[in-house]
Amino acid sequence: MLIDHVNALRLATRNTRRLHPFTIDAVVVLPDHLHVVMTLPEGDADYPNRWRLIKRRFTDEVVKSGTPVARHQNGELALWQRRFWEHTIRDERDYERHVDYVHFNPIRHGLVTRVRDWPYSSLRRGLLPQDWGGDSAPDQGTFGEPRP
């Protein structure tokens, strides 16, 4: 669903950033979820509100497009998971590992065999060389979403 409506996701993110600034350090959009490393302005820790706004704006655009969206038994739209995983970066090494984790997620989920082949990634914005990461994933440690 997310990659089918990636332009709506970009718009929702852009509109949220206009009112509640943040920098996207790394992002990867997968078919059913996304990963983002973001930097908030000094003294601003309102990460949850930013996600709430992005999710709401994206959902509104998808519904407006006429795309059928499944609902939970209580009638709530089932487009997003209710929670998100948040982590405060501790140091430069922690930052590097999380950026690597984001960029290697398409390999982790079996979507591509090379990081550079996934089109919905900040790696494609030219922030890193196209041969970054080669053909294999780094040690993924014990951070990020739990493995199924």
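This is a predicted model: local features need pLDDT of at least 70, side-chain atom pairs count only at pLDDT 80 or more; totals for chains, interfaces and linings use all residues.
The protein has three helices and two strands, where helices (H or I, at least four residues) and strands (E, at least two) are DSSP runs numbered from the N terminus. Read from the N terminus on, these elements follow the order α-β-β-α-α. Residues are numbered from 1 along each chain as its sequence is written, and side-chain values use heavy atoms, with hydrogens and water left out.

Let's start with the open space. Rolling a probe the size of a water molecule over the atoms shows where empty space is left. Here a pocket is an open set of points on a 1 Å grid over the protein atoms alone, where a 1.4 Å probe fits, with protein on both sides within 12 Å along at least five of seven lines; lining residues have an atom within 4 Å of a point. The largest pocket holds about 1,100 Å³ of space, a volume being the space filled by probe spheres set on the points, which are joined across faces, edges and corners.

Which residues lie nearest the centre of the largest pocket? They are Val36, Tyr47, Trp51, Trp85 and Glu86, out of 36 residues in the lining. Strand S2 (34-39), helix H2 (47-64) and helix H3 (92-108) each contribute at least two lining residues, and S2 gives the largest share, with six. By type, the lining divides into 21 nonpolar, eight polar and seven charged residues (Ala, Val, Leu, Ile, Met, Phe, Trp, Tyr, Cys and Pro count as nonpolar, Asp, Glu, Lys and Arg as charged, and the others, Gly among them, as polar).

Now to the aromatic rings. A pair of aromatic rings is described by the distance of the centres and the angle of the planes. Rings of Phe, Tyr and Trp (its six-membered ring) pair if their centres lie within 6.5 Å; planes under 30 degrees apart count as stacked, over 60 as edge-to-face and the rest as tilted. The whole structure has three aromatic pairs. In one of them, the ring centres of Phe58 and Trp80 are 5.5 Å apart and the planes stand at 75°, so this pair is edge-to-face. It links distant parts of the chain, with Phe58 in helix H2 and Trp80 in the loop between H2 and H3, 22 residues apart. Both Phe58 and Trp80 are buried (under 20% relative accessible area; exposed means over 50% and partly exposed in between, with a 1.4 Å probe and protein chains only). Trp118 and Tyr120 also pair edge-to-face, because their planes stand at 70° with the centres 5.5 Å apart. Trp118 is buried at 8% relative accessible area, whereas Tyr120 is partly exposed at 24%.

Charges come next. The structure holds six salt bridges, each a side-chain nitrogen of Lys or Arg within 4 Å of a carboxyl oxygen of Asp or Glu. Among them, Arg50 meets Asp44 with the closest N and O atoms 2.6 Å apart; Arg50 is buried at 2% relative accessibility, and Asp44 is partly exposed at 27%. Another joins Asp94 to Arg90 at 3.5 Å between the closest N and O atoms.
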